[in-house]
Amino acid sequence: MPVLRCSRDAQHSPGLGILMPPDQLTGDFWENLDMASSSPTALPATGGHVPPAEPLSLTVSAAWRRVPSVPVALAFSAGILADHYADLELPQWFVACALSLLAWAGCLVRRQPSGASVCLLLAVLAAGGGWHHWRWSIVGADHISRYAEETPQPVRLSGRLVEQPWVQPRRQQAIPSAVPQVDHTLAILECRQLMSATGEQSVSGRVRLDIAGHLTDVSIGDEVEVVGSLSRPVGPSNPGAFDFRRFLRTEGLLATVRCDEPDDVQKLTGGINAVRRWQSTLRSRAERLIESRLSSDTAPVAVALLLGTRSAIPEDLRTAFAESGTMHILAISGSNVGILAGLLWTLARLAGLGRTGSVIFILSGVLGYSFLADSQPPVMRAVLMVVALLAGRPWHRDGTMVNGLALAALGVLIWNPAHLFDVGAQLSFLAVAALIWAPTCSRWLRRFIDPPLEPLAELENARLARFQHWLRRILIQSHVTMAAVWLFTLPLTMARFHLLSPVGFFVNVLLAPLVVVILWCGYALLLVGFIAPVMAAPFALLFDQGLGLMLKCVRVAANVPAGHLYLPGPSDGWLVGFYLCLAAVAFGVPGGRARWWGWRALLLWTVGGLAWGLLPQKPGELRCTFLSVGHGLAVVVQLPNGRTVVYDAGQLDNPHRAQQAVQQALWEFGARRIDALVISHADVDHFNGVPGLAQTLPIDVALIHNSFLDFQQASVKQTCDLLADRKVPIRTTNAGDQVPLDPSVQLDFLHPPAFDRLPTDNANSLVLLIEYRGRRILLTGDLERDGLEYVLMQAPRHIDVLLAPHHGRANASPRRLAEWATPDWVVVSDGRHDSSRQLSAVYGPAAQVVSTHQSGAITFVIDRQGELTYHQFRPGSSDRPPPAAVERETEAVTAPRPSDPQSTKSRRAAEPRPTRKTRRSPTGATD
């Protein structure tokens, strides 16, 4: 039976009381709706009759009326999704919205509330679709992106800096790259004037500045002149790769300008935006305060926790946070704002502030913190939710968590509709939804684990019994809450980041109270450090010691055996089914059919998806993919029986790029391990990505030639040591050896010979011949000169696909090689300076020369009948009008068998057959 409890405000107003259930305002989604509707009821303090609580079996329509923001947010999101996938124009959305509003008015006149609600939601849906189309696909005629091309063009650009420039430190690498790396300064420029080879014109829009070095003499709001290379952002080039172009376009950036040195940016006039400059000054002061008070090990983490800047965190520490399942701690998000709000609420209660004063105090602190944190999207999501929950409390109108979550989602999507597809936003809202649902599971579990205390037992030892009861309740609730967050976020995390950290469940439970204390000390350090720096020492000491303890726990957890696994994630289709079942379970009516079916469907969907993923995949076809890594080489060969061979993994400038290209492609293909890793020779642009691969993927064996073991090269020694630490066997191989991975495929090494070491690394490159169903693929590494002569002395053979030796250099592809191999396809793996056009003259019209720089990843598929099909990840798009947002495009050409009467020349003249449609916006963008 409900009981009457007087709140603190009721003590000051004797005529008011709060109706609350004995189990407080926690629990089921539907129960919270019922309690929230009853909580503001004013009752007489004496002699009043307490009305019975409304039955729990609420109708769905009545429940939606208590959370009106939920259907509105769902309809607005549906409109964004519809515009993302459907080919509709802005006038069509406008007409749909107008018709829906007319129908809504008609329903109101006819007094049809249900029909009016449906029509109004349809209008909201159309508004969401139109708003997304306007923000995503429409740009002005003078937009800077219309002057940007795929190939960088030199320009002189003037405009105003709209954000404070920030430094992106150079990446720490296990093997240093062949090209020296420097820090980069990034900034956002609002364009005014463009001076290029075509003349001078006024432009609009924003571009992202990427300056090599540190830019120190400019600030937000300054008018500057920039000399650099204007281009469109780089889109994805490989399967599973991060879409940098789409990421920038989400923020309204459709072009980039690269500058070779800081002097390429000249300040013209000072800034006039006093508010933003004050914000930048406060943020810089906060960073200096943290760096001066904390140790060098904890200061970068402290800046990330309090201000959201993670660029100074070392790469190994980032990896430790990810592998321990605690990366969310580094991300400034809703949890930070929630912990700050809890601290402010505690201070307000200690200060004796009333309901209105507490709300004003909390909202002021939260909004001030969001101002200091530069109003980042995760912070704004949490701020909107806090405002939605607290805005009605001065008038005794308590909001529900679900309604607050929906209002926050609606505000975020109105601010930027593209955030609907942002992984960070999705994880944030999923985590909050889990926190809303967790009390229901906790209360249900306590019925079996922690039953109510017996009256006699409580009287015998009241304090001890109550303490034990409280401790069990806290332990159950903390573990259930973490389990709920895991259930809601783990599938999406696996799908997008390919990482499973079982150890993270236990680490997060242990670190949760410590993180709260750490953040409270950090907020106190900022506040006291600004007002009275002399008194900040105790808070700085506690903050530093707490961070040190947290870092030790994170590093220990990251090194726990089998504590984390890298693996392919579930498909998008499976994710949609999982979250539909989970929504029915978590937010269905208690005892209703939705929950009954939801639990069973969730179990079947999860078990079925896992079982299907664990089944060995044997496609029965051979796939050879030449990945696009710039100046370097990485080839992935998927054998018909499901095993995988990787030939080289390196890149001249950035080893991380080669590692990411290989591992993301393997996960996209569903591969869990590398069965054989072939390192062609001892040039860093062919193997400097191997150390990173060895840390994320199991490697059964690494195959090298004796000439690779030149330990005078530090990079070779580091690679061998790391492979040994990961217990990867290293075996030498020579001409005549075979790799017995698939009985239907011949993997033969043609070079180098066993007892003949040539004078250069390139000449000693391992040459691998792959033969399946009468088709041949030849991988040559950097083969040239003496090594090339050795191969040419062997019997000539027809090669269907030839990797151009030494990235297509002229001295490595003589006419004799073309006559020896008579290739149908020649693949060039190089950066912007590829020589595919020159090679066309060497190999003649019978061979088609393709480049990973122009086409992205290039895949050749040989099926069971020996048909050879060619796919390229993205065709060259330099002739397309800007702005562009190509997510993925492929084209396929089927090559005839050697016995096919169709000539090779006529096959080359055939038009490519597109295999995926593209969507073009009115401005020419493809999506």
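Predicted model: local features only at pLDDT ≥ 70, side-chain atom pairs only at ≥ 80, totals over all residues.
**Entry 1: the whole chain**

I count a contact wherever heavy atoms come within 4.5 Å. With that in hand, I looked at contacts in the protein chain between residues at least 6 apart in sequence, and 69% of them join residues at least 24 apart.

Residues are numbered from 1 along each chain as its sequence is written, and side-chain values use heavy atoms, with hydrogens and water left out.

Next I looked up the secondary structure, and the protein chain has 30 helices and 28 strands. These are DSSP runs numbered from the N terminus (helices are H or I with at least four residues, strands are E with at least two).

How much of the chain is buried? I found that buried residues make up 49% of the 927 residues. The cut-offs I used are under 20% relative accessible area for buried, over 50% for exposed and partly exposed in between, with a 1.4 Å probe and protein chains only. The accessible surface of the protein chain comes to about 43300 Å², and carbon and sulfur atoms own 61% of that surface. The areas come from the Shrake-Rupley method with a 1.4 Å probe, and for residues only the protein chains shown count as cover.

**Entry 2: two helix pairs**

Two packed helices are described by the angle between their axes and the distance between the axes.

For the classes, Ala, Val, Leu, Ile, Met, Phe, Trp, Tyr, Cys and Pro are nonpolar, Asp, Glu, Lys and Arg are charged, and the others, Gly among them, are polar.

Then I checked α9 with α20, which pack at an angle of about 100° with axes 10 Å apart. These two helices are therefore roughly perpendicular to each other. Val301, Ala302, Leu305 and Leu306 of α9 make the contact with Phe543, Leu547, Met550 and Leu551 of α20. Here the classes come out as eight nonpolar, no polar and no charged.

**Entry 3: salt bridges**

How many salt bridges turn up in the whole structure? My search found 19, each with a side-chain nitrogen of Lys or Arg within 4 Å of a carboxyl oxygen of Asp or Glu.

Glu223 bridges to Arg192, with the closest N and O atoms 3.3 Å apart. Glu223 sits in β8 (residues 223-231) and Arg192 in β5 (residues 184-196), so the pair ties together parts that are 31 residues apart in sequence. Arg192 is partly exposed at 37% relative accessibility.

Asp297 and Arg555 meet in another bridge, at 3.6 Å from N to O. This one links distant parts of the chain: Asp297 is in the loop between α8 and α9 (299-307), Arg555 is in α20 (residues 537-558), and they are 258 residues apart. Asp297 is partly exposed at 39%, and Arg555 is partly exposed at 34%.

I also logged Arg776 with Glu771, where the closest N and O atoms are 3.7 Å apart. Arg776 is partly exposed at 23%, and Glu771 is partly exposed at 22%.

Glu150, Arg232 and Arg245 are linked in a network of salt bridges.

Which residues are joined by a cis peptide bond? I found His751 and Pro752, with omega about 0°. Pro752 is in the loop between β19 (746-751) and β20 (767-772).

Lys727 is not a glycine, yet its phi is positive, about 60°. I located Lys727 in the loop between α25 (714-725) and β18 (730-732), and Lys727 counts as exposed at 72%.

His807 also has a positive phi, near 60°. Its place is the loop between β22 (801-803) and α27 (815-821). Is His807 buried or exposed? I get a relative accessible area of 4%, so His807 is buried.

Terms used. Axes fitted to C-alpha atoms, helices over the stretch in contact; angles between N-to-C directions. Parallel < 35°, antiparallel > 145°, perpendicular 65-115°, else oblique.
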